[in-house]
Structure formats: structure tokens, C-alpha cells
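Subject: Structure handover

Hello,

Here is the structure I said I would pass on. Please open it next to this email and look up the residues as you read.

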Amino acid sequence: MALKGKKILIIGGGVAGMAAAIQMRKAGANIDLVEIDPGWRSYGAGITLGGATLRAFRTLGILDAFLEKGAAHDGADFFTSSGHLIANLPTPRLAGPDIPGAGAIMRPVLAAIFAEATRAAGTNVRLGTTFETLDNRDNGVEAKFSDGSRTSYDLVIGADGLNSDVRAHIFPDAPTPRYTGQCVWRAVLRRPPEVDRTKMWMGHKVKTGVNPVSRDQMYLFVTEDRPNNDRIEPARFVGMLKALLAQFSAPLMKAVHDELNEDSHIVYRPLEAMLLPPPWFTGRIVLIGDAVHATTPHLAAGACIGLEDAIVLAAELDRADSTEQGLQAFGARRWERCRMVVENSVRLGEIEIAGGDPNEHAALMRDSAMALAAPI
Ligand SMILES: Cc1cc2nc3c(=O)[nH]c(=O)nc-3n(C[C@H](O)[C@H](O)[C@H](O)COP(=O)(O)OP(=O)(O)OC[C@H]3O[C@@H](n4cnc5c(N)ncnc54)[C@H](O)[C@@H]3O)c2cc1C
């Protein structure tokens, strides 16, 4: 199925869907992308990016924009809760010898970089629109949209995230997202000069860290066990986050504790995971990104594997003799890597919740980092 001239619908304008649009436009496909949110907004504070993510940015052609608007660095420092250095982990330079091995950026800034590249590639973007029905036939898919219009496509890509409607439509018996027993707090703060890379402090059952997202901002993340996935009123955010940080006596964490206030853009998010066993397609409808492999942030690789899905899907479809062959090849190349990220991330969380063996935790982190460094 050479992509040139093919008509493809992408449902969902997150990073995975936008990456698919960018790569498939390069191969000459005609792309419609529908995004349900009329404002195409991106929520959250910062996002941490490993070397494999920066490598994907280079392939997509957005690495320079990221380096200009985000923050790139090498290595990560780990401390005790009182601030004693435990380890410095190297981050291999996977995007090239001249590009640092890790980084972070504000989520809305990253989303804007992707949106600009998606439109510049010539994607037909329709905001505030979704599908109503998808009629999956031998020779194409007829989509009926929420605005009443209908169009036929050679292929439909569901990139509509954790609670994917496309997944529910084509695989009604698929597993649904599961709460893992942990939640993450994030906030945006002024960046002091000593925060020049990822820094993490390991408390008793609470883990915290900071990561630069630009020249003068950093984001704070705190992982906490919470057996019940109850809603928390935003009015309680500052007090609850300060209480969690009180156990950290490291000077930088004390400063963070004191600086937190109502304007710190605090976000609270229960962690959920979901892994759909293959196949990830039926007929001419295929799923990518969180729609098939939603992970917790323990390896900071969820966005990475969604971008890689898009890159591999475009490559395999473009060189395959048939759509089915391309979709089979896509799944075969992606399954083991995505399974590894989701299952190892969930296991890391389980070890943290149980107060388990730190050696198992460290070994799993190391093995996962090595696996992510492998070419896709
Ligand atoms: C707390 C937390 C922290 C994380 N931290 C990191 C990190 O540091 N590094 C990292 O790499 N990953 C991280 N991740 C994972 C990462 O955020 C996700 O893996 C990534 O955003 C998934 O991208 P996606 O495009 O598949 O889905 P999404 O980003 O969810 O995008 C889906 C899009 O589809 C749209 N949509 C939904 N339904 C429909 C519909 N019916 N029709 C049309 N459009 C629809 C949505 O509006 C959205 O724009 C984290 C996740 C969590 C929960």
C-alpha cells in the first residue's frame, strides 16, 4: 500500500495522531485529522523526554523547535530525602552526538510545536469534530462525522487516547484502563540555576523531582500512593502537596515547598494503565498511542512509544504490498517494545507501593532504559 495519494483519516489530535499525520504527509498521503476538542487544548505541566523521544523528534522534523522552546540536558541525579547524592544516571545521546540525551518541555508548548508542524505538512485539521460511525469494508472505511458529513477512506487511524472511542467501537471487549494505586502531582515553578537537569529525591513511599522545561521554568512532580481513586477538590491542592513535601529536608525541596502557591499550576492525576493484546487493527481501522498502550510515567516513555508507533506505521504501510500486510508488520514491530514499557512501568509502581526491593527497582529501570535505547 504505497501511501502516495491514499486517503487517510486520523481520529485524535494528540502527539501520536499528529506524528502520524506528519509522517504520512511526507509519504504523500492525503490526511484528514479530526479532534474532538474545539480548542485543541493540552493540559498538564511539563513532560519528561528521554533520548528515544528526542530521536523520534529528529525523525519527525521537530527537534530544532523543541531545542529552542524546551530544555535539553544530560543525565539525572538521585538524592535521599535529606539531599545526599545516591546516583547519577547517564542518559545516552540517542538523537545524535550533538544532542543531549534527555529533556523536558511544557505540555502546551509541545502541543503547539506539533500542531504547527501538522498544519505545515498540509494536514486537513477539523476541530470540534468526531466520528459517529465507521463502516469498515473490504476496500475502505466510510466515516460519518458528528457534523453529519460522510467521507470514504483507504485507512482510519484511531489515536484518541486512553479512553479511546475508536477502540470501544472496533474492540468492544478490549480491556479498559485500570487505576494502579498511585497518583502524580505536578506544578510549575521558577527554575533556580542549580536545576540544570532532572533531579529526584526518594522519600518513604513518596518520590519527588524537578525537571527544567525552559530557561527560567521547571516542573515539579510528586508520586504518591493512594489506594482509592477519589476526586480531590482543587482548593485542597496546595495544602496537600505541601504536606507531601514536608518529609523532604533537602534544601531545594524546602525552597520548593515554600514557593508553592495557588498560582503554581498544580495538576493532580491518578495513574491508569491499559495494554491491548494484538492485533491492534481490524480490517482497515488501526489504533496507535495510548488507545492501545497507556502507561504510567515511571519510565517517562508514554509519549515516546506513541510517536514511534506513528513513525513505524507510516514506514510499514508505505512499503507493504497490501494494507493488511503493512498493519501486520506494524504490530509485529511494536508489540514487544510497548508491552515492555507498560508492564515494566506498572511493576515499578507496584514495587514502590509495596516498599519492595530497591535492587529490583534499579535493575528494572536500567533494563528498560537499555531496551528503549535500541533502534525501533
Ligand atoms: C500523569 C502523567 C504523566 C506523564 N508523563 C509523561 C512523561 O513525562 N513522558 C512521556 O513520554 N509520557 C508521559 N505520559 C504519557 C503521555 O502523556 C501519553 O502517553 C501521551 O500523551 C499519549 O498520546 P496520544 O496522542 O496517544 O493520546 P492523547 O495525548 O490522550 O491524545 C488523544 C487526543 O484525541 C482526542 N480525542 C479523544 N477522543 C476523541 C474522539 N472521539 N474524536 C476525536 N478526538 C478525540 C483528545 O482530545 C486528544 O487530543 C504521562 C501520562 C500521565 C497520565
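Please keep in mind that the model is predicted.

The ligand

The shell around the ligand has 30 residues, and the nearest of them are Glu 35, Thr 48, Thr 130, Asp 165 and Asp 290. Sorted by class, the shell consists of 14 nonpolar, nine polar and seven charged residues.

In the side chain of Glu 35, an N or O atom is 2.6 Å from an oxygen atom of the ligand. Asp 165 has a polar side-chain atom 2.8 Å from a nitrogen atom of the ligand. With Ala 16 the backbone is involved: one of its N or O atoms lies 3.0 Å from a ligand oxygen atom. On its own the ligand would expose 1,000 Å², and the protein buries 85% of that.

Which elements give two or more residues to this shell? They are helix H1 (15–26), strand E2 (30–35), strand E3 (46–50), strand E17 (267–275) and helix H8. H8 gives the largest share, three residues.

His 293 is part of strand E20, which covers residues 293–294. Is His 293 buried or exposed? Its relative accessibility is 0%, so His 293 counts as buried. The side chain of His 293 makes a polar contact of 2.5 Å with the side chain of Asp 309. Apart from neighbours within four places in sequence, the contacts of His 293 include Met 274, Leu 275, Trp 280, Cys 338 and Val 342.

Thr 296 sits in the loop between E20 and helix H8 (302–319). Thr 296 also counts as buried, because its relative accessibility is 2%. Its side chain and that of His 298 are joined by a polar contact of 2.7 Å. If residues up to four places away in sequence are left out, Thr 296 touches Thr 180, Leu 271, Glu 272, Ser 345 and Val 346. From Thr 296 to Asn 344 there are 48 residues in sequence, while the C-alpha atoms of the two are 9.5 Å apart in space.

Aromatic pairs

The whole structure was searched for aromatic pairs, and 10 were found. Such a pair is described by two values, the distance of the ring centres and the angle of the planes. Two of the pairs are described here.

Phe 57 and Phe 114 form an edge-to-face pair, with 6.1 Å between the centres and 70 degrees between the planes. Phe 57 belongs to helix H2 (residues 51–60) and Phe 114 to helix H4 (residues 107–120), so to speak of sequence, the pair links distant parts of the chain that are 57 residues apart. Phe 57 is buried at a relative accessible area of 1%, and Phe 114 is buried at 0% relative accessibility.

Phe 237 and Tyr 268 form a tilted pair, 6.3 Å from centre to centre and with 45 degrees between the planes. Because Phe 237 lies in helix H6 (residues 237–245) and Tyr 268 in strand E17, this pair ties together parts that are 31 residues apart in sequence. Phe 237 counts as buried at 12% relative accessibility, and Tyr 268 is buried with a relative accessible area of 12%.

Ring pairs also join Phe 57, Phe 66 and Phe 114 into a cluster.

Regards

Key:
Residues numbered from 1 in each chain as written. Predicted model: local features only at pLDDT ≥ 70, side-chain atom pairs only at ≥ 80, totals over all residues. Heavy atoms only, no water. Helix = DSSP H or I, 4+ residues; strand = E, 2+ residues; numbered from the N terminus. Buried < 20%, exposed > 50% of the residue type's maximum accessible area, 1.4 Å probe, protein only. Polar contact = N/O pair within 3.5 Å; in protein donor to acceptor, adjacent residues only side chain to side chain. Contact = heavy atoms within 4.5 Å. Near = heavy atom within 4 Å. Areas by Shrake-Rupley, 256 points an atom, 1.4 Å probe, with all protein chains shown as cover. Nonpolar A, V, L, I, M, F, W, Y, C, P; charged D, E, K, R; others polar. Phe/Tyr/Trp six-rings, centres within 6.5 Å; stacked < 30°, edge-to-face > 60°.
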